[in-house]
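This report describes how the parts of one protein model meet, and then turns to two single residues. Please look at the sequence and the structure first.

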Amino acid sequence: MAVASAPSIFQDFSAALDELLFEVCEELQLTPARYDQAVERYEAVGDLFESEGSPFRQYRPKIYPQGSMSLGTTVKPIEGPHDLDFVCELSLGHEFVDPMRLLHALYGFLRANATYRPMASLMNRCVRLEYANEFYMDVLPACRNGFSNGTCIKVPDREVKGWKDSDPLGYAAWFERRSRILFLERLLEKAEPVPAQQAVSEKKPLQLAVQLIKRRRDLYFVDSDLATVSVVLTTLAADVYRGEASVSQAISSILAGIAARIEAAQRSGRRLRVPNPANQNEDLSERWDGNSPAYRAFQTYVEDFHIRWSRVMAKGGNVNAELEELFGEPVKAVLKKQAKRLQEDRVAGRLGVSGGGLITVATSARLPMPPNTFHGAK
Amino acid sequence: MARNNYLRQKPLTLVQQRYFLSATFAHLHTETTRDELRCVGMLRPSPLSDTYTISYKVADRPKVHVIRPQLRLAPGCERLPHVFAGNELCLYLAGEWRPDMRIADFIIPWISLWLRFYEFWLATGSWEGGGTHPNAPQHQPR
């Protein structure tokens, strides 16, 4: 963390709340060690695709992360390991390839390898490699979209027994642009190598807000199979985000923005449509078609979160209980860490008190904190 | 803050204590009678804390209570940590504060610290502020 360890150096509620939320996100995302491990693992898979005897070698396969790992929005699932998505893109137009044969070729290739055989299973659009106690690595085979330029790809889909459009690099670039709307920095040209895992303090408020919105979704839908998919929430959040520099204020404005869109859709008698920003013809929310309970559940999730979040922001005091209800166990873990840091600072004689009783680091304090021993029955 | 711990100083008078309190924490309301100093006021230990109204009474030693908001129990806990009977805060061991020490410099910072650790305890069930806690359930103040 870039900030000093005393939890109370911020004079202001919103800043202190942001600090707490940063730390919650740190609890939620892949640990740096896990992240490095994931990079190592996918590079090893990439090497295998490029190795002598690989049927993919001649098509110069490129493997790269997509989804939360490339966006910097990973969230630890309530149960089980992180689920990380990778694309294995071949330099080959899709019109020359049979999608089902490609998916099965990838599966067969990994099954023929002694290391990957016990870990591989065939999914609808990908092959899943299960690294016990680490993460799931989903590898989607892909071809270039032969009818389109740029970053558009086609991926096999077993349900439709054909190709589906995708553009993970285009999407990541869009998300990056949206997260920087406040900062006039130039967009990274190449999203390809995994961005070195960002410490939470370097992350953009939009990334943090998306992590928290996804975490709230996981808890809200814990016993339900109607949960709104991550790409829909991520796209909506990035789309309505207005460049707030504070993560708590970003969440407020994102929830208000999504609620306003739901309402506008309702007024025109339709459901909200969430087009893929990298491909306006693709409706990311197509799962809501013919599944109105899922759409209604999405609406109540947003409404409930919006009300609860407004209460947190309006309270302006001790919101620990409210935050724990919203985001669960990581809040408790962070508070425990903050309490331990406070005690360390106290033992080291770094604490002081300023007018109003605010505990601060001693340099800015009016009074140094004298040593004492809390007494009495526990 | 260097203090001579073996050379006992003359106890501060209630009027002196009150003067130092008002000088450091102007928002605390203080009043003295012939043999008692009373103080009521608000403290907020961190920007993410509630504002607590506390009161204390000095006769032989300061007795501190939280008036508002009412102190609560952490889930699964049956009693508040580090309190005497009647939820009087246990802030220090005998000898850590003496009547020759300013209440403003010692007792008030300790109240803030106690409140902050209390808030963490309320959320986590774990008291990270250390301290001693004799096993006797009806522990009496000295």
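In chain A, 30 residues of domain 1 are in contact with 23 residues of domain 2. The model is a predicted one. Domain 1 of chain A covers residues 10–29 and 198–341, and domain 2 of chain A covers residues 32–196. Taken over C-alpha atoms, the centres of domain 1 and domain 2 of chain A are 26 Å apart.

**Between the domains of chain A**

Domain 1 and domain 2 of chain A bury about 2,300 Å² between them, with 60% of this area on carbon and sulfur atoms. One salt bridge is counted between domain 1 and domain 2 of chain A. The side chains of Glu286(A) and Lys164(A) meet in a salt bridge with an N to O distance of 3.2 Å. Ten residue pairs, both at pLDDT 80 or more, are in polar contact between domain 1 and domain 2 of chain A.

On the side of domain 1 of chain A that touches domain 2 of chain A, the elements giving two or more residues are α1, α6 (205–220), α7 (230–240) and β9 (279–283) of chain A. The most comes from α6(A), which gives eight residues to that side. By class, the residues of this side of domain 1 are eleven nonpolar, nine polar and ten charged.

**Between chain A and chain B**

The contact between the chains takes 46 residues from chain A and 52 residues from chain B. About 4,100 Å² is buried between chain A and chain B, and carbon and sulfur atoms give 64% of it. The count of salt bridges between chain A and chain B is one. Glu128(B) and Lys340(A) meet through their side chains in a salt bridge of 3.2 Å, N to O. There are also 16 residue pairs in polar contact between chain A and chain B, both residues being at pLDDT 80 or more.

Which elements of chain A give two or more residues to the side that touches chain B? They are α1 (13–28), α10 (320–327), α11 (329–347), β10 (351–354), β11 (358–361) and β12 (367–368) of chain A. The largest share of that side, nine residues, belongs to α11(A). The side of chain A that touches chain B is made up of 21 nonpolar, 16 polar and nine charged residues.

| Residue | Place | Relative accessible area |

The side chain of Glu88(B) makes a polar contact of 2.7 Å with the side chain of Arg61(B). Apart from neighbours within four places in sequence, Glu88(B) is in contact with Arg61(B), Pro62(B), Lys63(B), Val64(B), His65(B), His82(B) and Val83(B).

When residues up to four places away in sequence are not counted, Cys77(B) touches Trp121(B) and Gly125(B). The C-alpha atoms of Cys77(B) and Ala123(B) are separated by 11 Å, and these residues are 46 residues apart along the chain.

How values were computed: Residues numbered from 1 in each chain as written. Chains lettered and ligands numbered in written order. Predicted model: local features only at pLDDT ≥ 70, side-chain atom pairs only at ≥ 80, totals over all residues. Heavy atoms only, no water. Contact = heavy atoms within 4.5 Å. Buried area = accessible area lost by both parts, 1.4 Å probe. Salt bridge = Lys/Arg side-chain N within 4 Å of Asp/Glu carboxyl O. Polar contact = N/O pair within 3.5 Å; in protein donor to acceptor, adjacent residues only side chain to side chain. Helix = DSSP H or I, 4+ residues; strand = E, 2+ residues; numbered from the N terminus. Nonpolar A, V, L, I, M, F, W, Y, C, P; charged D, E, K, R; others polar. Domains from an automatic or database assignment.
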